[in-house]
Amino acid sequence: MAQRKKGQVQSSAVDDEVGAHTGARVGNAPQGNAPQPHVSNCGAQAKEWETIALTLQGGGALGAYQAGVYEGLVEAGIAPNWIAGISIGALNTAVIAGNAPEHRVARLREFWETICQPAFSFPLPPFVEHALFNASAAVRKTFTAMQAAGAIVEGQKGFFVPRFPPPLPNGSGSPETASYYDTKPLKATLERLCDFERINSGETRVSVGAVNVGSGNFVYFDNKTTTLRPEHFIASGALPPGFAAVEIDGEYYWDGGLMSNTPLYEVIQTTPRRDTLAFQVDLWSARGPVPDNLIDVQGRVKDIQYSSRTRLVTDILQRSQRYRHVLREVLDRVAPEHRNDPWVALADELSCSKKYNVIHLIYRQKEYEGHFKDYQFGLSTMHEHWASGLQDIRASLAQPDWLDKPDNDSGFVTHDIHRDSRGHGG
């Protein structure tokens with residue numbers, strides 16, 4: 001592959017390289033038997049960073065993509081020491097941080113294979129599900145639409161079930177029942193699969209975002225300051241009106257995605273600042289086709305709303321870090337006799353010489369997926385999402401220098417295998 005300058009992304013070269021390994025263009029559904037990029041153990045290189053962060057966006061059923069990304073990190077020997085999540089990203093965070101490293105991938109798989117079954121009815125035999133999912137495009141679209149309808153009608157095993165009788169639109173009651181579905185099964189699932197003593201031990205820093213319903217303020221529940229319980233993770237994913245607000249210490253909380261669906265800002269802006277390698281795993285792409293019918297309009301609205309403008313956030317963070325980094329370089333050239341000047345002292349406080357490397361992994365919608373992709377919990381779809389995440393992180397880690405600290409004037413660099421030749425991404 002052609003050599004690149006450090007910090008640059010040449011998408012065409014990357015796509016050619018990945019295509020040679022996978023037998024499919026980047027962004028397509030991975031082929032089950034296609035060879036994957038060879039990824040050597042990256043753990044030693046990653047350990048050069050003070051913080052290795054895994055930041056997980058919300059996106060419902062699409063969250064299996066994040067599980068695939070995590071499996072690829074384990075495969076490469078990379079162990080995040082800070083995991084931040086919102087909504088389904090918070091649930092994946094709980095399963096990862098709540099288990100010993102050697103059990104995390106297996107627990108993630110158990111979690112996803114549980115919630116991707118109907119709540120009450122018997123699931124289809126695997127060979128039938130596989131045959132329908134891999135039939136023609138028309139059959140697959142119809143089949144996945146039926147699975148999404150099933151989630152609405154009966155819920156998902158170990159996740160949520162419809163309230164009976166259903167709530168009246170203007171009926172008064174408790175905030176904890178003002179929703180169409182009950183998430184008590186999710187609490188039982190988290191208690192079964194996650195060790196909350198381990199989560200609160202500080203072995204891995206854990207942060208999950210939610211919105212205070214009463215104040216409208218966005219908050220992060222963090223195990224450095226809070227003893228985390230299942231309710232904190234469920235609150236992060238309590239998207240109304242489907243799910244009810246969750247009461248925590250006298251306050252009620254909804255899904256953090258209502259305000260910000262991307263926890264990257266929390267990780268990059270934290271103080272004291274540290275050299276940070278962040279794997280930002282997004283489930284919604286800001287870029288996409290302009291819809292020409294009302295059904296596709298619904299899906300496109302979700303893409304734009306929940307992508308949380310990750311590119312814009314990253315660009316803002318990069319610019320602010322550039323100012324801090326340049327200020328640090330200027331201060332290093334200030335004569336010793338001026339060090340006690342109050343303005344110099346203030347500049348020293350604002351400056352920063354830390355390095356940041358953000359590797360974007362953004363799920364690419366498949367052709368058969370409709371506006372219901374975030375609540376279509378079919379097992380075959382889940383396995384494909386998982387495989388897509390694994391393929392994307394393998395392709396990313398196979399790129400030379402992508403784990404290196406930047407040597408540019410901002411001390412900040414981003415990478416994304418899906419970015420196009422003009423430097424744009426999803």
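This is a short chat about a predicted model.

Colleague: Hi! What should I know before I start?

Modeller: The model is predicted, so local features need pLDDT of at least 70 and side-chain atom pairs count only at pLDDT 80 or more, while totals for chains, interfaces and linings use all residues. Residues are numbered from 1 along each chain as its sequence is written, and side-chain values use heavy atoms, with hydrogens and water left out.

Colleague: Thanks! How many disulfides does the structure hold?

Modeller: The structure holds 0 disulfides, a disulfide being a pair of cysteine sulfur atoms within 2.5 Å.

Colleague: And Cys194, buried or exposed?

Modeller: Cys194 is buried because its relative accessibility is 7%; buried means under 20% relative accessible area, exposed over 50% and partly exposed in between, with a 1.4 Å probe and protein chains only. Cys352 is buried too, at 6%.

Colleague: New topic: where is Ala84 found?

Modeller: Ala84 is in strand 2, residues 82-86; strands (E, at least two residues) and helices (H or I, at least four) are DSSP runs numbered from the N terminus. Ala84 is buried, at 0% relative accessibility.

Colleague: How far apart are Ala84 and Phe221 in space?

Modeller: They are 9.7 Å apart, C-alpha to C-alpha, and 137 residues apart in sequence.

Colleague: Nice. What about Leu132, which helix is that in?

Modeller: Leu132 sits in helix 6, residues 126-133. Leu132 counts as partly exposed because its relative accessibility is 31%.

Colleague: Great, cheers!
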